[in-house]
Amino acid sequence: MPTCVKKYGKSFVFNFYLLKGVRPNSFSFSIVTESKIFKYLNNLACNKATGLDGIPSRFVVDAAPMIAYPLSHIINLPVIQSCVPDELKSARVIPLLKKNDKTEVGNYRPVSILNVLSKSLERVIYDQLDDYLSSRDLLYKHQSGFRSKFSTDTCLLHLTDFIRFNMDNGNYVGMVLLDLQKAFDTVDHTILLMKLKALGLDFDSAVQWFRSYIQIDYS
């Protein structure tokens, strides 16, 4: 963990969530039922690209009544064991041009296409964690990314309203904008795991699941 976080940030983060009523190890992932997996499979978009396993979404959707039970067993194993198999983390990577010169490698962004089973596992984890964070009001109220019923539009509407409100009241308004290239690559995984623990995720199960998923040691 970076020295600055060890010295200043760690205790602040834990104390911040303690004041919000978070207790250590208060959240663990739950086993998902066959009916839930069946629902996930039925909601798959049939036009999604195929992962490394070569199994198209259309096939999985059509076979959902027959394969929901065995798939629920396969998906529950990583949840129970807090260990994600490499096969469920392997993806087919496709470079997509972002801007400018097509001959410059840095102008492309990689898009990782997981297989259908991996997408279902991620959905199980996402739904349970999102429900936990939302029900306890642990998400920043103005966060628009990666939240249901929020988008860049809600962010821009809030920002525009804030600016106009203050200008109408005779106030000066200034902004500092950061544009990070490859933003996800800038996330420090050790800090991320520390924050998940501070959010009340059980260290021996939920935090270890994420550690296994991103494949780093936590100390």
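I began with charges over rings in this predicted model, and I found the charged end of Arg147 over the ring of Phe150, 4.1 Å from its centre. A second case turned up at Lys197, whose charged end sits over the ring of Phe203, 4.9 Å from the centre of that ring.

I then turned to the aromatic pairs, of which a search of the whole structure finds 8. I looked up Trp209 and Tyr213, and I note the pair as stacked because the ring centres are 5.3 Å apart and the planes stand at 10°, where under 30 degrees is required. Both residues belong to helix H8, 4 residues apart, which is about one turn of the helix. I count Trp209 as buried because its relative accessibility is 2%, whereas Tyr213, at 25%, is partly exposed.

Next I followed helix H8 itself, residues 203-214, and listed its buried residues, among them Ala206, Val207, Trp209 and Phe210. The cover over these buried residues includes helix H4 (64-81), H5 and helix H7 (189-198). At the N-terminal end I found Asp202 as the cap, with a side-chain oxygen 3.2 Å from the backbone nitrogen of Asp204; after the helix comes Gln215, with a positive phi near 60°.

Last, I looked at Ser118 in helix H5, residues 116-135. A polar atom of the Ser118 side chain lies 2.9 Å from the backbone oxygen of Leu88, and, leaving aside residues up to four places away in sequence, Ser118 touches Glu87 and Leu88.

Technical notes:
Residues numbered from 1 in each chain as written. Predicted model: local features only at pLDDT ≥ 70, side-chain atom pairs only at ≥ 80, totals over all residues. Heavy atoms only, no water. Helix = DSSP H or I, 4+ residues; strand = E, 2+ residues; numbered from the N terminus. Polar contact = N/O pair within 3.5 Å; in protein donor to acceptor, adjacent residues only side chain to side chain. Contact = heavy atoms within 4.5 Å. Buried < 20%, exposed > 50% of the residue type's maximum accessible area, 1.4 Å probe, protein only. Phe/Tyr/Trp six-rings, centres within 6.5 Å; stacked < 30°, edge-to-face > 60°. Lys NZ or Arg CZ within 6 Å of the ring centre and 35° of its normal.
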